[in-house]
Amino acid sequence: MRTKEEAVSKPGNKAKFTGKGKKLGENKEKATDSGKQPGEPKERHVETEKAFKGKRDGLSPHIFSVAQRAYWRMLMQRQDQTIMPLGRNNSGKTTCCQNTLEYLVATVGSMDNRVTVEKIQAMFRVLRAFGTVTTSHNKASTRFSMVMALDFSATGHITAAHLQTMLLERIRVVQQPEGESTFNVFSQMLAGLDLDQRTMLHLHQMAENSTFGIRPCQKAEEKQKASAAFAQLQAAMEILGIVVEEQKAIWRVLAAIYHLGAAGACKVGRKQFMQFEWANKAAEVLGCDFEELTTAVFKHHLQRIIEQVTSGAGGQLSQDQGWSDGPKMTGVECVEGMAAGLYEELFAAVVSLINRSFSSSSLSMASIMVVDTPGFHNPRHQKRERAATFEEFCHNYTQERLQGLFYKRTFVSTLERYQEENIEVPFDLPEVSPATTVAIADQNSSQVHATPGGQAEDPKGLFWILDEEALIQGSSDSTALNRLCSYFVKEGPINEGQGSLRKCEQALQFEIAHQLGQDPVRYDATGWVNKAKWNLSVQNAIQVLQESKIDPLKKLFLLRSKVPLICRSVAGLEGNSQQALQRVGCVRKTFTSSFAAVKKKSVCAQIKLQLDSLINLVKRSQIHFVHCLIARTEMDREGGTVLQSCLMAGGTAAGWDISALRAQLSGGQILDALRLSRIGYADRMVRMQFRHQFQILAQPMMKKYSSAYEMTDENKALEELIQALSLEKTIAVGRTQVFLKAGVLSRLEKQREKLVSQNLIFLQAACKGFLSRQKYKKLKIQRLAARCIQKNLAIFQAVKGWPWWQLMCGIRPLLSTSLAEGQLRVREEELALLRKKLENSELSRQELRQSTEQLESKIIDLTTELSDERLKGDVACQILEGERAERLRGSREVRELQTKHDQLQKKLESAEKQLEEAQQQLHLHETGASSSGKALAKTRQLPACIFALLWDFLLGVMEGQLMRPFASVRFDLQLAQALGESAFEKSLREKVLQESTSLQFELGKLQRSLEQKELDNASLNQRLVLLSSQVQELSAPKDLDANSLAALQKKLWDLESRASEQQKELSSQASTIEQLEQLHLRLELEIERMKQLHQKELEDKEEELEDVRQSCQKRLRQLEMQCEQEGEEKQAILCEKRDLEGLIATLCEQIGHRDFDVEKRLRRDLKRTHALLADMQLLLETSGADAGLSGGREELEKLRGKVRSWMDELVDCIYYYYYLLFIEFKYLPIPRGLRVVHKTDHNI
C-alpha cells in the first residue's frame, strides 16, 4: 500500500505530464492531494532528487523532471517559466507545488540563504493553517489561489522569492456548507493557546453558541492533534521571522472574529449586537471603543456623511460619479461582512510577512512561478446529494479559465505556428473548447447601459446578471436565474441535451456541463444575489485595524493602507526585486486598465479581475501544465486519500474508477494533446541556430560554410546538413524555424556532446600545461627572491654591530618622520577642504534629488489624473453610443407603431365597406318587403345612427390619443431645455429640488391623464348604455326577420370589440412613445452637460500639466547649470592637487640631493672630532708627572675649547642649512633630532 505522497514523489509511478514546449503530452502525472506537513522527514526525496539533479534529457515522468526542465529552459532562453497543476479537488496539486519548490531550492541553492527548504516548508505550514479547511475527505482542502515565484540570478542561483494570493474564500469564516469546517487556524488556536494568552484574548470561557460556526474541538484526540498543529504553526512562524509581537497581533484578530460570532446580531428591529458582552470583548481585543466598532459594523451612512462633510468638494465629486452607498443590509449581513473583511486583511498581512522573509534587493534575471488553485469541485464526487454553492462555482470557473488557457497554448497557438511556417500537420482543431462554459459565467454584452427593467439584446453571463440584479431593489434569485436561462438554455426537443446550461426541476437550481460536458455540476442559486451585493462592513474592516490603539496590531496592517481599493482583494502587492515589481505592476495594470474604474464596488467584477490578473501574470511566461488525476473515488476518512495496490496478480486493474479516469482524460483534452504531440513536432529551433549548433556533426561537408568573411546561403547549408545527418523524415523546415520530432533533439545533443568532449580533453590538457608552466616560472622567481633575501640577511648580521650603522639607523627614521609629518599635515588640510566641498556637494545633490523626486511625483500624479479623466471620457462616449443606439431603436419602434396605425386605419376602412354592404342589403330587403315599410325604415335609421356614433367615437379617441403626445413632447422639450440651462448655474441642492419638482409635475400629469381617462371611460359607458338601449329597441319589434336581426347584432358586436381593442393598442402605443421621447430628451441633455464638464476638466488638467512641465524644464536647466559649475570646480581642484603633488615631488628630490652633500661634510667633521678626541685621550694616558700635569690640563682645556667651537660651527651649519630650506620653500620644519645630537656631542 502506497500513500498519496508516494504516488507523487516516487519515480516509479506510471504517470504523464503535459509540459508545454517539450512533448505536448509528455508531462502528465497522476497525483492526489497530500496531507504531508512541512515538519515531516524528507529522506525519501533525497534519492529522487539526486536521480534528477543535473540532467537535461531522458528524465522519467515525475514532478521533479518538470521542475528540472523548467529550470534548464529558464537558463537557456532567459525567459520566465510557470508550472501549473490542473485537476479536481483533492488530486494532489498543492503537494506537487510544494515538492517542486523544495526540489528547486534544494538542488539549486540560494544566495545568502535567503530561501531555504525549511522556509518553504514553514510557508506551506502557515498557508495550510490560514487557507485550508477540513472536509469529510480531506483535512487540508485549499480555498485560495497562489502564485509562488522564485527569482534566479544570471548564474542560476535563487536570489529571492515572492508570494501572491488571490480568490480567497473569505465568506468561509462565517458560512460553511454542511459537513465542512471553517479555516483550520481557528480550531488550532483555540486548542493551543496557553492560559495567559487565553486571558489576554478573553478566550478562557467559550461561548455557548456561535453564529459563525467556530467551535473548539470536543474530542480529546482532536484537541491533542490541534494543539500539536498550533505548536508547529508557531515554530513555522519563527522560521519565517515573524516575531512574538506580530504573532500576538494575529491571534488578536482571530479572537475578535470569534467574539463577533458569539455576539451575533438582531434579526428583527434595530441593527445592533445581540450579545453586548461579547461585542465589548471583540472591541477590547481589537484595541478600539465599542462605539467605534458599532459604527464600523452597522452605521455606514454616518461614516459617509462624515466623509462628505470633511472632504468637501471631493464628496460632491463622488456623488457626481454616481457611487452609491450600497444596498441596504440586515444586521447579520453587517456582522458577517466585518468578520470576512477582518480575515481577508489578516490573510494579506500574513502573506506580507512571508514575503518579508523571502525578499531581497539582489539583481535577478528570470523567475520560475508555481501556480496553485483550488481544484474542480463537484459534490457528486464525494457522494453528496447537496447542490454546489456560489464559492464552488467561482472555483470551477477558475479551473475552466485555466483549462481554456491550456487549450489555447496547446492547440490554437501550435496550429497557428504550423500554419505560419507552412508546415502541414494532419490534425484538426478540437471543436469543443471551454469557451462555451466560460461564457455562461462572464460573457459581457456590447451594450454599456441598459434600463433596469428591460432586457439587453446580447446575452450576458452570470456574473454580470448578478451585478445588475444586486443594484435593483426588490430583485430575487429567481429573476437572475430566469435571465440566465433565457440567454443560454436551448429550448425545444431538437436542442435538448445540447447546451451547456440546463434548468433543474428543483426550485432555484440549474446544471452546468463542466469539463467539456464530461462532469456536469448542479448548483443552488439561493442567496446568490445577496452574495453579489457590496458589503460596506468589509471595506470598514481595514479602518478598524489601522485605527487600533495597540501598536503591534496597527503596525501589522499599516502597509495595507497604501493599497488602492481596486486591488485590495489581492495579497502580496509588495516587493523589492525587479521581477517582483514587474509582477506587481502586471496585477495593478490589469485592475486599472479594465472596467474596474467604473465598477469599484462590485463583488463579481472583483472575482473576474483577480482571475484576469492571474492569467495575465502567467501569459508572460512559458507554461508547463501538470494534469493531476484521481484514479480512485473511494476515500479513506482517517488518513486522507489512499492509493491502494494498482495491479492484481493477474495484471488487471483493481479498484480503479475507469469512468472517472475517462471523464478526466477527455475533459482535460489530454488524449488530443498526446495525439497532436505524436503527429506534430515537439521541439523547434531557429534555422541559423540549428545550423551553428549541429554543423559539427557534419564537419567535412559544412567546413565551407564556416567562413566569417563570406555570406552563406542558409537554405542550401541547411539542406546539406539535413541530408548529411539523414533527418529528412524526422524534421521539417519552415520559413524561420526548424521543427523536430520527439527525441530527435536529444539524440543530436548526445552526438554533439560526444564529439565536443574529445576536443575538450585536448583543450583541458593544453590549459593544464600552460598553467603548470606559469606555476614553474613563478616558483623560479620565488626561489631567486629567497636567495636574495638570505644574502641580505647575512650581510645585515655582519653589519648590525657597527656603531656607524647604528647611528645611521637612529638618524634616518628621524629625518623621514619629520618629512612625513609635514606632508601628513598638508594632506590633512587638503583632505579637510575636499571633505567640506564634498559635504556641500552632497547636500546640494540631496536637495536636487528631493526636488526632482517631488517633481516626478507631481508628474506621475498628473498623468494618473489625466488617464482617469480620459477613462471617464471614454466611459461617457460609450454611454453616449449606447444612448444613440437606444434612440435609433426608439425611432424604429415609432415607425413600427406608425405602420400599425396605418394598418388599423385600413381595417377601419374595410369595416366601413362592410357596413355599407350591410346597408345595401337592408335596402334590398326594404324594396322586397312592402308590408313592413315602417319597421324597415326604423331599422334603416337605427344602424345609420349607430354607425355615426361609432365613427365619431373612434375619431375622437384617435385624435385625443394622437394629439396629446405632441403637446406633451413640446412641453417636455421646453422643460428639458430649462433644466439643461439651469444645471450649469445651480448647485447640487437646486438640482435635487428640480428633480423632485419634475417628479411632482409628472405625478400631476399622470393624475390629470388618469382623470381624463376616467372621463373618457364614463363617456364610453354612456355611449355603451345608449347603444344597448338602441339594440333593445331594434330587438323589440316582432315583424322583423329573425335572421337579419341576428346578423346585424353579430356585426355590431364585432365592430364594438374591434374598436375597443384598437383603442387599447393605440393608448398603450401612445404612452410608450411619450415615455421614450421624454427619456431620449433627458439623456441628450445629460450627455451634453457631461461632455461640457469633461471638456472643461480636461482643458484645466492640460493647462496645469503644461505649467508643471515648463517649471520642471526650468528647474532641470538650473540643475544642469549647477552640475556644470560643480564639474568645473572639481576639475580646477584636481588641477591644483596635481600641481601640489608635482611640487612636493620636486622638493623631495631636491631635499634628498642636498641631504646627501650635507651628510658627507658632517661625516668629515665628525671624523676630525673623533681623531682629535682620540689624540687627546692618548696624551692624557701618557702624561704621568705632576709637573707636566698643569701643562697637560691647559692643553686639554684648549682642545676642549677647539672641539666645542667645531661642534658649534657644525651645528650652526646644519641649522643654517635647514633655515635656508625653510626660507626657500616654506615647507619643511627644523628637525627635532638635531638638538638631541647637539646635546650628546656637547656632553661628550
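**Labels and their cut-offs**

Analyst: The bridge partner of Gln509 is Asp524, in strand 11. This is a predicted model, with residues numbered from 1 along each chain as its sequence is written. Local features need pLDDT of at least 70, side-chain atom pairs count only at pLDDT 80 or more, totals for chains, interfaces and linings use all residues, and side-chain values use heavy atoms, without hydrogens and water.

User: How do you know that strand 10 and strand 11 pair?

Analyst: Pairing takes at least two DSSP bridges between two strands. Six bridges join strand 10 (residues 509–514) to strand 11 (residues 519–524), so they pair. Strands are DSSP runs of E, at least two residues; helices are runs of H or I, at least four, and both are numbered from the N terminus.

User: What makes Tyr418 and Tyr681 an edge-to-face pair?

Analyst: Rings of Phe, Tyr and Trp (its six-membered ring) pair with centres within 6.5 Å; planes under 30 degrees apart are stacked, over 60 edge-to-face, the rest tilted. Tyr418 and Tyr681 are 6.2 Å apart centre to centre, with 80° between the planes. The pair therefore counts as edge-to-face. Tyr418 lies in helix 15 and Tyr681 in the loop between helix 25 and strand 14, so the pair ties together parts 263 residues apart in sequence.

User: Why is the Phe796 and Trp805 pair given its label?

Analyst: Their centres are 6.4 Å apart and their planes at 70°, so this pair is edge-to-face.

User: Is Phe796 buried, exposed or in between, and why?

Analyst: Buried means under 20% relative accessible area, exposed over 50%, partly exposed in between (1.4 Å probe, protein chains only). Phe796 has 39% relative accessibility, so it is partly exposed. Trp805, at 29%, is therefore partly exposed.
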